[in-house]
Amino acid sequence: MKSTSFRSAVGAVLTAALSAVVLPASAASAAENPAAAGTVDTATAQSFGRLADAVLTQRTAALLDTGRSVRSAAPLAEKNVRLSAGQTRTEDTALSTLRTRKARLAALGEAYTSADTRVAVDRVRVEAGRATVQATETTTLTYKKIRGDEPATTGFQAHHRLSFAATADGKWQLTGLTSTDDGPLAVNEPSTARVAAGTTALPEATPAAISVPSRPQTKPAGSYDYTAMASYAEKYWQNYNPAYRKFNEAGGDCTNFVSQALKAGGWANKSGDAEDYRSWWYDTSYQSTSWVGANEWSWFTLDAKRATNLANVYYMGVGDVMQMDFDKDGSKDHTMLVTYRSSSGVPYLTYHSVNTYRKSVASIIASYPNSAYYAYRT
């Protein structure tokens, strides 16, 4: 099923992808060396996609619990497309990093039994012996039932840019693979967390502890509809609500998405100047900065007493919000909403940028153990 789905995805976008390819300067040069001339045929374009699928599937497999695996990944080389020596070393390092992340997750009580990674080629551009491929990855991982109260799956969509270089004999080598998304890492995306000196912003949020507390905390009843918040987020985590503008290309859609969910649960607009963090609103033509900005949202929320800081991220319940400062530079980078909480006290978050459904707080911490976390009780 996986391979068939991938071929369908490639076929559906191949015409559009190849329309972006730079045509060769002359038919004669193309016949001698299509790669160097600036064109690729359908088979090569499909090979680009299969190699992207193989690399990303292998990364996902590195996170899986031993004894169970995804379907066998495609080989990392074909007749005309393969990894460069440098990218091979990069992938070896990536897999080592991901296996370390898997061990960190296991220590936090989380594992995945299986996964499905699907890749669709969105665009191919070739020029001067180099090819750039834009691809969309959709991955679903199945949670291992360790405590028995985990949700069935977690999933995300991620966008990637792959760089290929033509060799003298007209073949292609993958020389780079980078994410084009803002927001926290997808769980199968390797990275080394950066740590920097922090600064503070006012009103000042209090960082939350990330260790599992000895005694979980139950969220008391509040004045908002937390079920409606969660339902909204889980409805629109992947298929965006057309009633709202998207901000993926303008710094990320994460806070905009959380603001929508909070409004669905009863948060009321607060009028005022769009640039004043003490206002919070959205209309058909514009919105306050606090609606879309992570820092401004925090300042508004604490100033307006819409929420209070929690001492530990594991205290969060459905409808609560978590923010991250990836490199501890004092500026919040990402906003997420709790849409599920297991009976043993693990919050699961849903968010945009990268579009993600029910990712456990343990999984996020495993990817960013040195980041600063802020938990808000709404």
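## Aromatic pairs

Rings of Phe, Tyr and Trp (its six-membered ring) form a pair if their centres lie within 6.5 Å; planes under 30 degrees apart count as stacked, over 60 as edge-to-face and the rest as tilted. The model is predicted, so local features need pLDDT of at least 70 and side-chain atom pairs count only at pLDDT 80 or more, while totals for chains, interfaces and linings use all residues. Residues are numbered from 1 along each chain as its sequence is written, and side-chain values use heavy atoms, with hydrogens and water left out.

The whole structure contains 19 aromatic pairs. One of them is stacked, W267 with W297, because the ring centres are 6.1 Å apart and the planes meet at 5°. This pair joins distant parts of the chain, 30 residues apart: W267 belongs to the loop between α7 (254-264) and α8 (289-292), and W297 to helix α9 (residues 294-303). Helices here are DSSP runs (H or I, at least four residues), as are strands (E, at least two), numbered from the N terminus. Both W267 and W297 are buried, where buried means under 20% relative accessible area, exposed over 50% and partly exposed in between (1.4 Å probe, protein chains only).

W280 and W291 make a tilted pair, with 4.6 Å centre to centre and 35° between the planes. W280 is in the loop between α7 and α8, and W291 is in helix α8, 11 residues apart. W280 and W291 are buried as well.

## Charges over rings

A charge sits over a ring if NZ of Lys or CZ of Arg is within 6 Å of the ring centre and within 35 degrees of the ring normal. The charged end of K219 sits over the ring of Y226 at 3.3 Å from its centre. For K246 over the ring of Y240, the distance to the centre is 5.0 Å.

## Residue T206

T206 lies in the loop between β5 (172-179) and α6 (226-236). Its relative accessible area is 46%, so T206 is partly exposed. Leaving aside residues up to four places away in sequence, T206 touches N309 and Y374 (contact means heavy atoms within 4.5 Å). T206 and Y376 are 170 residues apart in sequence, yet 9.5 Å apart in space, C-alpha to C-alpha.

## Pockets and cavities

On a 1 Å grid over the protein atoms alone, a cavity is a set of points where a 1.4 Å probe fits but cannot get out, and a pocket is an open set with protein on both sides within 12 Å along at least five of seven lines; lining residues have an atom within 4 Å of a point. Points are joined across faces, edges and corners, and a volume is the space filled by probe spheres set on them.

The largest pocket has a volume of about 320 Å³. Its lining has 14 residues, with H159, T180, D181, N248 and E249 closest to the centre. The second largest pocket has a volume of about 190 Å³, and α9 gives the most to its lining, three residues.

There are two cavities of 30 Å³ or more. The largest cavity has a volume of about 60 Å³, and β4 supplies the largest share of its lining, three residues. The second largest cavity has a volume of about 50 Å³; Y240, Y244 and K246 are among its lining residues.
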